[in-house]
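Biologist: Could you take me through how the helices are placed in this model, with the cut-offs spelled out as we go?

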Amino acid sequence: MPATREDVFKQVEEVLVDALGVDEDEVSEDATLQGDLGAESIDFLDIVFRLEKKFSIKIPRGELFPEDIVNNPDYVADGKFTEAGIIRLKEAMPHADFSAFDKAPNVSKMPELFTVRTLTNYIEAKLQAA
Amino acid sequence: MEPALLYTMRWIWIDTFTEFESGKKASAVKNVTLAEEHVHDYAPAYPLLPPPLMIEGMAQTAGILVGETRGFRENVILAKIRRAVFDDYGRPGDRLTYTVVLDSIDDTAAMTHGEVFRNGDKIGEVDLIFSHVGQSSAELELPSHNFVFGDTFLDLLKNYRIRVGD
């Protein structure tokens, strides 16, 4: 039987509790990994590794947390995503909610795309495709 | 006035390797003795090896395994203690064994899973993440030499290999 959205969220929550040392009640769908849950760069590696183990999936490098966009001058200028950059970002992160980001597509706002919902959406899509 | 006692503290928390399989796994032992100053300082009247030093012993075992896998080209830095659980302590007279398995490794990082045994009985688990830091890392001002893998660490592995005829 395929995992329900609730099952997936519960397991993502367990991963974040273990990886970041946060309490379960801090892990809401809207919580951002960096701002709300205190994730640092090395934690993203840890999260990817734990998700792979928990869901028995392979997460190619850069697929969940894109790495090659922010440093590309075609995509970012003066701290803001260009039109091409926004298109590229949306292609790379179809699992993220861009509604707030679209109003001010600044690089400084990019961490807000990495929410618990983003992770859960990604895992759900990954499991469905498997 | 007494002349200053000059010596270099040896920051080495394993005594020898007992197993080393390149790119896969390693084991090292640490014998705890009453002669070590630090075993007297952690808990009054109860000498024991402070658990953070068991984590350090595991990190040295795992770090050398990670470093050797890529030919000691990069500095291998302990980046995160993913998990450290201990059910008991190491006390004077005990022989601790750190066993480590390399879970994953790539250009930027490595992950290891380790278990701690005391006189053969498992007393803990330590999972670690290491970062690979090359001398070319632009964001860091690093020495030009490999500052992690000096002679002390390399000799540990060399002596093990001589002993087993590898």
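Modeller: Contact here means heavy atoms within 4.5 Å, and buried means under 20% relative accessible area, exposed over 50%, partly exposed in between (1.4 Å probe, protein chains only). This is a predicted model, in which local features need pLDDT of at least 70 and side-chain atom pairs count only at pLDDT 80 or more, whereas totals for chains, interfaces and linings use all residues. Residues are numbered from 1 along each chain as its sequence is written, chains are lettered from A and ligands numbered from 1 in the order in which they are written, and side-chain values use heavy atoms, with hydrogens and water left out.

Biologist: Which strand is included in what covers the buried residues of H3(A)?

Modeller: Helix H3 (residues 83–92) of chain A has A:Gly85, A:Ile86, A:Leu89 and A:Ala92 buried. Seen down the axis of H3(A), these residues fall within an arc of 130 degrees, so they line one face of the helix. The face turned away from that buried side carries the exposed A:Glu83 and A:Glu91. Among what covers the buried residues of H3(A) is a strand of chain A, S2 (80–81).

Biologist: How many nonpolar, polar and charged residues are in the contact of H2(A) with H4(A)?

Modeller: H2(A) and helix H4 (residues 116–129) of chain A pack at an angle of about 40 degrees, with their axes 12 Å apart. The contact joins A:Ile47, A:Leu51 and A:Phe55 of H2(A) to A:Leu119, A:Ile123 and A:Leu127 of H4(A). With Ala, Val, Leu, Ile, Met, Phe, Trp, Tyr, Cys and Pro counted as nonpolar, Asp, Glu, Lys and Arg as charged, and the others, Gly among them, as polar, the contact of H2(A) with H4(A) divides into 6 nonpolar, no polar and no charged.

Definitions and conventions
Helix = DSSP H or I, 4+ residues; strand = E, 2+ residues; numbered from the N terminus. Arc of directions from axis to C-beta. Axes fitted to C-alpha atoms, helices over the stretch in contact; angles between N-to-C directions.
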